[in-house]
Amino acid sequence: MRDKKYKSRVIKRDFLKTLAWKRWRYTLIDYYENRDCITNKPLRKGFNVHHLDMREEHYTILKEERFRPLNADTHDCVHFLFRYYKKDPFIIDRLKEILDLMVQYNED
Ligand SMILES: [Zn+2]
């Protein structure tokens, strides 16, 4: 199992080095108008093109709807939340409650 995961990681990593992938990144940036899909802010240096389908066997299917460009901090946040979300989708509700309270408490 561990060996299989390692192999999968290597296959994915190698794909990210290909010319096809590097060209694809530019196509996708244009498609999403150079915006981070969560914050809606311009993409910054070091942004990521996030695979929505992270399974190795689908990793090379290059269709716009299967990807989202995200700035590095947004990308980290998505992967962090996904670890919990896939087991407990209500984390989003609890996060929203906290954010809403923060807005409320910090209004001038
Ligand atoms: Zn990602």
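The model is predicted: local features need pLDDT of at least 70, side-chain atom pairs count only at pLDDT 80 or more, and totals for chains, interfaces and linings use all residues. Residues are numbered from 1 along each chain as its sequence is written.

Start with the whole chain. Its secondary structure comes to four helices and two strands. Helices (H or I, at least four residues) and strands (E, at least two) are DSSP runs, numbered from the N terminus. In order from the N terminus, the elements run α-α-β-β-α-α. The C-alpha trace spans about 50 × 35 × 20 Å along its principal axes. The radius of gyration, taken over C-alpha atoms, is compared with a globule rule of 2.2 Å times the number of residues to the power 0.38. A compact globule of 108 residues would come near 13 Å, but this chain has 17 Å.

Burial is counted from C-beta atoms placed from the backbone. A residue is buried if 20 or more other C-beta atoms lie within 10 Å of its own, exposed if 12 or fewer, and partly exposed in between. Buried residues make up 8% of the 108 residues. Contacts use C-beta atoms too: two residues are in contact if these atoms, placed from the backbone, lie within 7 Å. Take the contacts between residues at least 6 apart in sequence: 55% of them join residues at least 24 apart.

The expected span of a helix is 1.5 Å times one less than its number of residues. H1 covers residues 2–15. Its 14 residues should span 20 Å, and its end C-alpha atoms are 20 Å apart, which agrees. None of the 14 residues of H1 is buried, so H1 lies largely in the open. H2 covers residues 19–31. Its 13 residues should span 18 Å; the end C-alpha atoms are 19 Å apart, which agrees. The number of buried residues in H2 is zero, so H2 also lies largely in the open.

Just after H2, Glu33 takes a positive phi of about 55°. Move on into the loop between H2 and S1, where Asn34 lies. Its phi is near 60°, a positive value in a residue other than glycine. Asn34 is exposed, with 12 other C-beta atoms within 10 Å. The loop between H2 and S1 also holds Asn40. Phi of Asn40 is near 65°, again positive in a residue other than glycine. Asn40 is exposed, with 8 other C-beta atoms within 10 Å.

The strands come next. S1 (residues 48–51) and S2 run antiparallel, joined by four bridges. Strands pair if DSSP finds at least two bridges between them. His50 has Arg68 as its bridge partner in S2. S2 spans residues 67–70, and both of its faces are covered. Phe67 and Pro69 are buried on one side, Arg68 and Leu70 on the other.

Finish at Pro69, found in strand S2. Pro69 is buried, with 21 other C-beta atoms within 10 Å. Asn48 is 21 residues away from Pro69 in sequence, but the two are 5.7 Å apart in space, C-alpha to C-alpha. Leaving aside neighbours within four places in sequence, Pro69 is in contact with Leu28, Ile29, Tyr32, Asp36, Cys37, Leu43, Phe47 and Val49.
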